[in-house]
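Please look over the sequence and the structure below before reading on.

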Amino acid sequence: MPYLTSPVVPAGTLARLSQPTLCAGGGLRLRPWRAEDAPAVHAAFQDPLMHQWHIRAADSEEEVAGWIARWQEGWQHEREAQWAVADADTGELLGRVALREILLGDGVAEVAYWTVARARGRGVAVRATTTLSRWAFEEIGLHRLELSHATANEASCRVAAKAGFAVEGTRRSALLHPDGWHDMHLHARVRGD
């Protein structure tokens, strides 16, 4: 049965391209992940704050190397696009920003981010999220980006708001964390916001 609308973004749009490096300004660069990032990602996930707001733990650098390999494959399969957020001068890992759950035909993806402890409070997540959003809308042609975080995670809520993601509502008891079920704020940006 044919659809009545054309795909918002045609299949193959990402797979035809090499994943770009994006300049986020203020000394930040979003670059594709590399295998040698595994020790820094493992170290980032030893932070208790990461355990509070994320549902995964990193038990070893080998485990993280597997994550990075899957993140790299996600681009070719057009299901996710993950970037390391790095200091443009030193290359030091400052965080991660990603498009997850990409649905090219619908023109929708979910934005996710985290920062290492020493990068928090410096606008790193806001600049990375803003840069990724601009690229997703202007270069790829997505129509809607969604972002979700635990309602108790006030810092993440501030990042979402500063990056232009309006709060659309609360998804009750939507994600199981180690300390129980969390209500999640749903934020979104649409092309033209």
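**Helix 5 and its surroundings**

The buried residues of helix 5 pack against strand 5 (108–115), helix 4 (124–140), strand 6 and strand 8 (180–190), where buried means under 20% relative accessible area, exposed over 50% and partly exposed in between, with a 1.4 Å probe and protein chains only, and where contact means heavy atoms within 4.5 Å. Helices (H or I, at least four residues) and strands (E, at least two) are DSSP runs numbered from the N terminus. This is a predicted model, in which local features need pLDDT of at least 70 and side-chain atom pairs count only at pLDDT 80 or more, while totals for chains, interfaces and linings use all residues. Residues are numbered from 1 along each chain as its sequence is written, and side-chain values use heavy atoms, leaving out hydrogens and water.

- In helix 5 (residues 154–162), the buried residues are Ser156, Cys157, Val159 and Ala160.
- They cover an arc of only 160 degrees around the axis, which puts them on the same side of helix 5; the arc is that of the directions from the helix axis to the C-beta atoms.
- The exposed residues Glu154 and Lys162 are carried on the face turned away from the buried side of helix 5.

**Arg144 in strand 6**

- Arg144 lies in strand 6 (residues 144–150) and counts as buried, at 18% relative accessibility.

**His182 in strand 8**

- His182 belongs to strand 8, and its relative accessibility of 11% makes His182 count as buried.
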